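The sequence and the model are shown below.

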Amino acid sequence: MERLQVMRPNLYDVLGPLDAPDDMEAFEVEGEAAARVSLVEQLTEEVRSRADALGCGEVVVPQALTDQVTAQVLRLADSEPCGLRGGVLHVHYDDGQQRCGLARVVLDPTMPNTFQLHLTLSPDTTTWYHKMARIIKPLRKSSPLLLSTTFKLHKVRLYPEE
């Protein structure tokens, strides 16, 4: 008696090879892109609105600073259970003589907070813009403040690590 072998097709034979996406944006969690855009907008708006607290007429936030901060925040939020949306960003200003809190940015109020980021900004003292502001400041109170592209970013987890 001859044995019959029934061949069952496997999933690979039926569907063929699966295409791998070129970038990981296809697997991005819903709301992460909106949180990223919101982070940049809120950070810039909050820092610029604190010009009176810093004793200057205007706060100039360089685009390179926001780009670097966003990249670092995304890197630190990558390992969090709620991702970027579970974070709270505390912004501080330190000019060497005084340290003051500027803003508290909640990235997504509907998500539970799983981590805090403490961002410390400082003035840019190397450019002519800062030197001119020091000369102009005694003459008028509305001198601009240019922030440095260097910053400190510290992460604090709000849950116990396993």
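In this predicted model, five strands make up an open sheet with mixed pairing, in the order S1-S5-S4-S2-S3. S1 and strand S3 (99-106) stand at the edges with a single partner strand each, so one side of each is left without a neighbour in the sheet. Direction ignored, neighbouring strands of this sheet are turned by 35° against each other on average. Strands (E, at least two residues) and helices (H or I, at least four) are DSSP runs numbered from the N terminus, and two strands pair if DSSP finds at least two bridges between them.

**Basis of the model**

- Residues are numbered from 1 along each chain as its sequence is written, and side-chain values use heavy atoms, with hydrogens and water left out.
- Because this is a predicted model, local features need pLDDT of at least 70 and side-chain atom pairs count only at pLDDT 80 or more, whereas totals for chains, interfaces and linings use all residues.

**Chain overview**

- The protein chain contains five helices and five strands, which follow the pattern α-α-α-β-α-β-β-β-α-β along the sequence.
- Of its 162 residues, 34% count as buried; buried means under 20% relative accessible area, exposed over 50%, and partly exposed in between (1.4 Å probe, protein chains only).
- The accessible surface of the protein chain is about 11,300 Å², and carbon and sulfur atoms contribute 53% of this; the areas come from the Shrake-Rupley method with a 1.4 Å probe, and for residues only the protein chains shown count as cover.
- Among contacts in the protein chain with a separation of 6 or more, 74% involve residues 24 or more positions apart, where contact means heavy atoms within 4.5 Å.

**Strand pairing**

- Strands of a sheet pair through backbone hydrogen bonds, either parallel or antiparallel.
- Strand S1 (residues 58-60) pairs with strand S5 (residues 144-157) in the parallel sense over three bridges, and valine 60 has leucine 146 in S5 as its bridge partner.
- Strand S4 (residues 115-123) runs antiparallel to S5 and is joined to S5 by eight bridges.
- Strand S2 (residues 87-94) runs parallel to S4, with seven bridges joining the two.
- S2 and S3 form a hairpin with four residues between them, and glycine 96 in the turn has a positive phi of about 95°.
- S2 is mostly covered, with seven of its eight residues buried.

**Helix H4 and the sheet**

- H4 packs on the sheet, where it touches S4 and S5, and its direction makes about 5° with that of S5; axes are lines fitted to C-alpha atoms, for helices over the stretch in contact, and angles run from 0 to 180 degrees between N-to-C directions.
- Helix H4 (residues 63-77) has 15 residues and reaches 21 Å from its first C-alpha to its last, close to the 21 Å expected at 1.5 Å a residue; the expected span is 1.5 Å times one less than the number of residues.
- The buried residues of H4 include Leu65, Thr66, Val69, Thr70, Val73, Leu76 and Ala77.
- Seen down the axis of H4, its buried residues fall within an arc of 130°, so they line one face of the helix; the arc is that of the directions from the helix axis to the C-beta atoms.
- On the other side of H4, Gln63 and Arg75 are exposed.

**Two residues in detail**

- Leucine 65, in helix H4, counts as buried at 3% relative accessibility.
- Leaving aside neighbours within four places in sequence, leucine 65 is in contact with Leu121, Leu147, Ser148, Thr149 and Phe151.
- The C-alpha atoms of leucine 65 and leucine 121 are separated by 9.5 Å, although the two residues are 56 residues apart along the chain.
- Serine 122 lies in strand S4 and, not counting residues up to four places away in sequence, touches Tyr93, Asp94, Leu147, Ser148 and Thr150.
- From C-alpha to C-alpha, serine 122 and glycine 96 are 8.2 Å apart in space, with 26 residues as their distance in sequence.
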